[in-house]
Amino acid sequence: MPVRGDADAVGYARLIEDRRVHGSLYTDHQVFVDEIDRIFRRGWIFVGHESEIPKTGDWVTRRLGGEPVIMLRAAEGGVHVLANRCAHRGTLLCWQDRGSGRKSFQCSYHGWVFGLDGKLRSLPGRSGFERPAGALDLARPGQVDAYRGFVFANQSGDAGPLEDHLGPGGRMLIDRAVEVSPVGRLALGAGWIGQRVASNWKMWPESDNDGYHLAIAHASLQKAVPGTQYEAALFSPELDNTSQARDHGRGHVELELRCGYDRELAWLGTTRDKVRDYAAALERAYGKEAADRILWDGPPHALIFPNLFLGEMNLAVIEPVGPGETIHYHTPLLLDGVDAAFNDRVLRQSEAAMGPASFFLPDDAVIAERMQQGLQVGRGSADGWIDLSRGAGRERCDAMGRVGHVSDETTNRGFWRHYRSVMTARA
Ligand code: FES
Ligand SMILES: [Fe+2]
């Protein structure tokens, strides 16, 4: 565990400038230890979505601040996040990704049984124990809260209100993902594909929101599938392109592709006549003007700091494992209130973008691993700096925050600005 008050030992304020950061921040072991404490234990972290556990006794396993947790649907209908660690000797209670129909969790070692509320229900040979019953229950994170079905938690309990962490920018981004459903509900029950990558976790929020690399690192997409939504929004010549890079504050950043789309439903690779029922359902739910806007905009392409990527028709989650090891999970953004054919279309879109043989994730994984190899530089190395200056001189502010051209590093600077404030304030 890190020693509190050791911020100056690393010197984050010195290693993170407005237009460049030091490469050792991706590779230094002490930096990783500090991040797990200051960002992943003491800050709000996305854990899962309520739609993954629709019925009492449904559960999924996750990691929170490096520790294993269970997110489950309790008997009274609420969502609990519990330590996935037996209160006796620490054995993992659930070792699979998910399951259903549980009334309790029984430890496989000595047979202690815990209810869906985490309370110890029974144990073999109780008479030998002297501790009060409450001390034998499963541990819980310090804070758990949800916004529109997105469940967040933190281990420390002193992260402040979730509403403050999300801010107006984070809430607006989640609202835009949810309103793509005509009933305002996502159905994220397809499961997650996890890919282990030999890179630092920060390369993912950065590259997911980097509009500069698309035409180079993902050139095969443009060649193989001309006419995608990215053609106008990302691949078109710089000065023709009206898409934007946004910093919404608090580390939440966005590639705002909607202003660069050249047609409605570009984000789903289809046209209104092919999804008439969907368009009509949106209109019934939200009115014609809002429905027309949603059909044009689609869901956002944005990071909710630090670990949730709203990647259009995918959701992705980053799990840091070590300074040079990360697991990237993704699931399709399936919707409630649409027919099966519509969700099949979403699934195909998801496979094409982030599946193991897709157009984005394999490219990004290779680049992230090459970056990791290139950034093996010591904290004191004078030439180990990464340039993040693109577009800094033409960035401007509007009512939503800082905004730049989609290919500018406005998003990366926004990520690092918040990172620096967290890493220095929580020292
Ligand atoms: S470790 Fe779980 S019952 Fe002993
Ligand atoms: Fe990419």
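**View 1. The protein chain is split into domain 1 (45-154) and domain 2 (176-425).** These bounds come from an automatic or database domain assignment. What you're looking at is a predicted model, where local features need pLDDT of at least 70, side-chain atom pairs count only at pLDDT 80 or more, and totals for chains, interfaces and linings use all residues. Residues are numbered from 1 along each chain as its sequence is written, while chains are lettered from A and ligands numbered from 1 in the order in which they are written.

**View 2. Here is where domain 1 touches domain 2, with 8 residues from domain 1 and 11 residues from domain 2 in the contact.** Being in contact means that two C-beta atoms, placed from the backbone, lie within 7 Å. On the domain 1 side, strand E2 (residues 45-49) gives the most, with 3 residues. Strands (E, at least two residues) and helices (H or I, at least four) are DSSP runs, numbered from the N terminus.

**View 3. Now for helix H11 (residues 340-354), with its 15 residues.** From first C-alpha to last, H11 reaches 21 Å, close to the 21 Å expected at 1.5 Å a residue; that expected span is 1.5 Å times one less than the number of residues.

**View 4. Which residues of H11 are buried?** They're Phe342, Val346, Gln349, Ser350, Ala353 and Met354. Buried means 20 or more other C-beta atoms within 10 Å of a residue's own, exposed means 12 or fewer, and partly exposed is in between, with C-beta atoms placed from the backbone. Down the axis of H11, the buried residues fall within an arc of 100° (taken from the directions from the helix axis to the C-beta atoms), so they line one face. Turned away from that buried side are the exposed Ala340, Ala341 and Asp344.
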